Amino acid sequence: MRVLVAGATGAMGKQLVPRLTGAGHEVFAMTRNASATTSLSELGAVPVVADALDRVQVEAAVRDAKPDVIVHQLTAIGHIDTRHFERSFAATDRLRIEGTDNLLAAGRAVGVRRFVAQSNGAFTYARTGGPVKTEQDPLDPAPIKQMTPMIAAVRHLEEAVLGADWTEGIVLRYGAFYGPGTSMAPGSDQLEAIRKGKFPIVGDGGGVWSFVHVADAAEATVAAIQKGKPGIYNIVDDHPAPVAEWLPELARKLGARKPMRVPRFVGRLAAGEAGVVLMTELRGASNAKAKRELGWRPVHPSWRDGLRVS
């Protein structure tokens, strides 16, 4: 198949592009950075320079590539400052709204038969009910103020992709990434904060996180491109875990002291309301549907075994 990957130079794109070319697909790797064309060519892809927020450029790129499938991996997430959560996600929110609309419009013009898009299953589910959610469970209907723009952008992306009746729309709700190029790679700021004891457990630490190694997420994405049915898939590992479980274990792996515990009001002062929500109220996700329908099995079934700290 001819596959256009938008966001080809991100942590996921760097894992995805070589897997697609290795599987025999003709890959067009879209990036706004002209300096990345050489590295993309070395991965076996055809570089395509276009700004995802410029509809004319996107339409030209898609028209020239004539892809069978568009894969939307556009994000711009760097360091997440939970005190200013909305600022940390602002650029990505725009890509999930304007970038999605641009790619869909371009895809419709050339008759793309499948559209696969990155969504978020780590921070977005409703914070009520059981600790682990399926694809049928709703996104948070009443997020806190700092997280409202991010969840609104995710909702826009999902509704736009799934509502495109002219193509097969597939939404992949990835868990929290770890592995090369992610915020939880060896030496990253986040792991260093844990190593230095600057990442306490807030409240009961009951927020449940679902992780996924970025390489496993890429394998699931290839499976969705090749044989996924329209709909939503949680792409997470087998072991959702509360902060009170995974944070002390990660600190131990790093050779750090056991994280201190602080009450919610202290956590709110240090990490903002979003930080408190991430620590105490998140819900995890089930990967049963992805396993059943995509035939996918994570090589790293648990963050305990897969997360490398050095």
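The model is predicted, so local features need pLDDT of at least 70 and side-chain atom pairs count only at pLDDT 80 or more, while totals for chains, interfaces and linings use all residues. Residues are numbered from 1 along each chain as its sequence is written, and side-chain values use heavy atoms, with hydrogens and water left out.

Gln-118 lies in strand S5 (residues 114-120). Helices (H or I, at least four residues) and strands (E, at least two) are DSSP runs, numbered from the N terminus. Gln-118 has 8% relative accessibility and therefore counts as buried. Buried means under 20% relative accessible area, exposed over 50%, and partly exposed in between (1.4 Å probe, protein chains only). Beyond its neighbours within four places in sequence, Gln-118 is in contact with His-72, Gln-73, Thr-75, Arg-96, Leu-157, Leu-172, Tyr-174 and Phe-177. Contact means heavy atoms within 4.5 Å.

Helix H3 spans residues 55-65, and Val-58, Ala-61, Val-62 and Ala-65 are buried in it. These residues are on the same side of H3, because they cover an arc of only 95 degrees around the axis. The arc is that of the directions from the helix axis to the C-beta atoms. An α-helix has 3.6 residues a turn, so residues three or four places apart point the same way. Val-56 and Asp-64 are exposed on the other side of H3. The cover over the buried residues includes strands S1 (2-6), S2 (26-31), S3 (46-49) and S4 (69-72), and also helix H4 (85-110).

Asp-54 sits in the loop between S3 and H3. Its relative accessibility is 28%, so Asp-54 counts as partly exposed. At the start of H3, a side-chain oxygen of Asp-54 comes to within 3.1 Å of the backbone nitrogen of Val-56. Just after H3, Lys-66 has a positive phi of about 50 degrees.

H4 takes part in two helix pairs. The axes of H3 and H4 come within 9 Å and cross at roughly 40 degrees. H3 is therefore oblique to H4. Axes are lines fitted to C-alpha atoms, for helices over the stretch in contact, and angles run from 0 to 180 degrees between N-to-C directions. Angles under 35 degrees count as roughly parallel, over 145 as roughly antiparallel, 65 to 115 as roughly perpendicular and the rest as oblique. The crossing of H3 and H4 is right-handed. Residues of H3 that meet H4 include Val-58 and Val-62.

For H4 and helix H5 (residues 148-162), the axes come within 8 Å and cross at roughly 15 degrees. These two helices are therefore roughly parallel to each other. H4 passes H5 in a left-handed crossing. A crossing is left-handed if the near helix is turned anticlockwise from the far one by less than a right angle, and right-handed if clockwise. Among the H4 residues that meet H5 are Phe-89, Arg-96 and Leu-104.

Val-3 belongs to strand S1. With a relative accessible area of 0%, Val-3 is buried. Val-3 and Ile-225 are 222 residues apart along the chain, and their C-alpha atoms are separated by 8.8 Å. Among the residues that Val-3 touches are Leu-20, Phe-28, Val-71 and Ile-225.

Terms used:
A polar contact is a pair of N or O atoms within 3.5 Å; within protein, one must be able to donate a hydrogen and the other to accept it, and residues adjacent in sequence count only if both atoms are side-chain atoms.
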